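This briefing accompanies the sequence and structure shown below. Its points are grouped by topic.

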Amino acid sequence: MAASSGAAGVWFRKCLRLHDNEALVKACAFSEVVPFFILDPHFNRSAVGVNRFAFLLQSLQDLDAQLRLRGSRLLVFQGRPHEVLADLFNGKASVRLSRLYFEKDTEPYARSRDVQVECLAKVSGFRHESFSGHTLLDIDATVANPKFKPPISMKSMQSIMTAAGPIRKPFDIPKIPPLNIEGFEVPKISNIYSEVPTSTGFPGGEQEALSRLRHVCADADYVCQFEKPKTASTGRPGCPWEPSTTGLSPYLKFGCLSVRTAWHAIDQCIRGKRHSEPPQSLHGQMLFREMFYLLGASVPNFDRNEGNSMCKPIPWGDNPVFLQAWQEGRTGYPFIDALMRQLNQTGYMHHLGRHAVACFLTRGDLWQSWTCGRDVFDKLLLDADWALNNGNWLWLAGVAPFSAPYFRIYDPCPGPNSSLNAEQTGEFVKHYVPELKGMPSKYLYKPWTAPLAEQKKAGCIIGQDYPKPIVDHKLAREENLARFKAALNGQVLPEKFGCATSDPGPMCSSLSKGRGKRAEVALLGGTGAGVVHGSRNRLFHAM
């Protein structure tokens, strides 16, 4: 049965949920509501990996199931959005709409897409309204404030949040009118990809998102004591495939979980108790998410090397062999390779792992452009988010004004005292790099140092069964430091980095002189910009 000419359409985009959905609330004031999603060919197989697309389809299936429990359903259309919408409003489809409600999206492609929708609305005469819901702040309204300055520190971000006032409570799920229309089902992944998804740890959907949030908040001590820098890059002991953090980031990225719902749930856990503070806390992770959304919306060319005020001009190399080896996990550095294989297989990687592989690809070892790594992450990560992905790669490549000093370089063979928090038994590497499962743990992060007899005993000859290191880290590091320094061409580092004239060694900083023993241990970056000496900030939003 087709909807009448008076139906209100709810265009689900990044808000794949029923809870805290203002567009759905407004549409349900009408007697006929058509919830729908458009599979846009812009996000095709060349840009989106099978695991990420499978997560999207699972999220749509869950959304459809929740709507059906309420007598409605989700219609899934395929095609260029402005063309699909034209058919929906001009009576050329089996559904006819007269008004449209949707959540705002501040990504560049989304903005250009929505300009087309605006033009279509003027031509076709349909009413439409959009709402800010994917972030705590109304990003457009915040950027439009005459006093707004792009935030590059937690302090400036907190000032913006304070000025914006209290974070509103989430909207309840409204009473949704029934909808009885056949067809337009959520497609199967096998109809779109020849590859089979390999990610099993993160089933998509609102119900899974809310279940995970309840699980996290059931342990108030965990929430209160959470400090992201203290979590492990190599997963949970005995279960290296299980994240040592909340695992909520893919659900926030797709809007299966409202960021306001998460914020207030965490607030309930910590209220009246002693708890960690931003930037390390769970609330701090959300604030950095807001910061990168603001930067992405306010900085022209935020995703480019050129014309980007957040990017120093660095003459990166162009070596496809290096890039491919890095992407496939064949660099000869087991820690790096295990992380990249984890990404390929599961669509997930701990934020400290992202630190390590990003530094290795760019200024640390391979000297390849951050945009190359950004594109790989954008395709493979379940939680790939345009603003966060670009901001984090800019940060870790050392090219942003909020980056840590460029000479802080991770050792890709982390020891027990490394800030990468990598376990030393080797279970993580052995899980994702099975060629090395017989290698003694003392050689696991540097298998090329194992005597030939040990390699034979382990059934893994380096250079034959597993690659030799693609570069010598010590030599590459020194060469890249010289390149980066030359590219700065005498530019003075930001005042917050002090007046250091030399690099005291990997992951160490003389800039923290006089600030105590803890501050002497250099820690690359944080979820945050605006590095605070000794604060153990962390980057790469992956809650």
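Leu381 is buried in this predicted model, because its relative accessible area is 2%, which falls under the 20% limit for a buried residue. The residue lies in the loop between helix 15 (370–380) and helix 16 (386–396).

**Surroundings of Leu381**
- Not counting residues up to four places away in sequence, Leu381 touches Arg52, Leu343, Gly347, Tyr348, Met349 and Arg354.
- Pro250 is 131 residues from Leu381 in sequence, yet the C-alpha atoms of the two are 8.5 Å apart in space.

**Aromatic pairs**
- The model contains 27 aromatic pairs.
- One of them is formed by Phe377 and Trp393, which are edge-to-face, with 5.1 Å centre to centre and 75 degrees between the planes.
- This pair links distant parts of the chain, with Phe377 in helix 15 and Trp393 in helix 16, 16 residues apart.
- Phe377 is buried, at a relative accessible area of 0%, and Trp393 counts as buried at 0% relative accessibility.
- The rings of Tyr406 and Phe484 are stacked, because their planes are at 5 degrees, with the centres 4.7 Å apart.
- Here too the pair links distant parts of the chain: Tyr406 is in the loop between helix 16 and helix 17 (427–432), and Phe484 is in helix 19 (residues 473–488), 78 residues away.
- Tyr406 counts as buried at 11% relative accessibility, as does Phe484 at 1%.
- Trp11, Phe36, Phe77, Phe102 and Phe184 are linked into a cluster by ring pairs.

**Charges over rings**
- Arg13 places its charged end over the ring of Trp11, 4.5 Å from the ring centre.
- The charged end of Lys253 sits over the ring of Phe254, 4.9 Å from its centre.

**The sheet and its helices**
- Five strands form an open sheet in the order 3-2-1-4-5, with parallel pairing.
- Strand 3 (75–78) and strand 5 (127–131) are the edge strands, each pairing on one side only.
- From one strand to the next, the twist averages 30 degrees.
- Strand 2 (residues 33–39) and strand 3 run parallel and are joined by four bridges; Phe37 has Val76 in strand 3 as its bridge partner.
- Helix 2 (residues 50–68) packs on the sheet, touching strand 1 (7–12) and strand 2, and its direction makes about 170 degrees with that of strand 2.
- Helix 4 (residues 108–124) also packs on the sheet, where it touches strand 1, strand 4 (97–103) and strand 5; its direction makes about 170 degrees with that of strand 1.

**Nonpolar cores**
- The largest nonpolar core has 142 residues, and Leu257, Trp326, Val399, Leu436 and Met439 have the most contacts inside it.
- A second, separate core of 22 residues includes Leu75, Ala86, Leu100 and Phe126.

Note on methods: Residues are numbered from 1 along each chain as its sequence is written. This is a predicted model: local features need pLDDT of at least 70, side-chain atom pairs count only at pLDDT 80 or more; totals for chains, interfaces and linings use all residues. Side-chain values use heavy atoms; hydrogens and water are left out. Two strands pair if DSSP finds at least two bridges between them. Helices (H or I, at least four residues) and strands (E, at least two) are DSSP runs, numbered from the N terminus. Axes are lines fitted to C-alpha atoms, for helices over the stretch in contact, and angles run from 0 to 180 degrees between N-to-C directions. Contact means heavy atoms within 4.5 Å. A nonpolar core is a set of buried Ala, Val, Leu, Ile, Met, Phe, Trp, Tyr and Cys residues joined through side-chain atoms within 4.5 Å. Buried means under 20% relative accessible area, exposed over 50%, partly exposed in between (1.4 Å probe, protein chains only). Rings of Phe, Tyr and Trp (its six-membered ring) pair if their centres lie within 6.5 Å; planes under 30 degrees apart count as stacked, over 60 as edge-to-face and the rest as tilted. A charge sits over a ring if NZ of Lys or CZ of Arg is within 6 Å of the ring centre and within 35 degrees of the ring normal.
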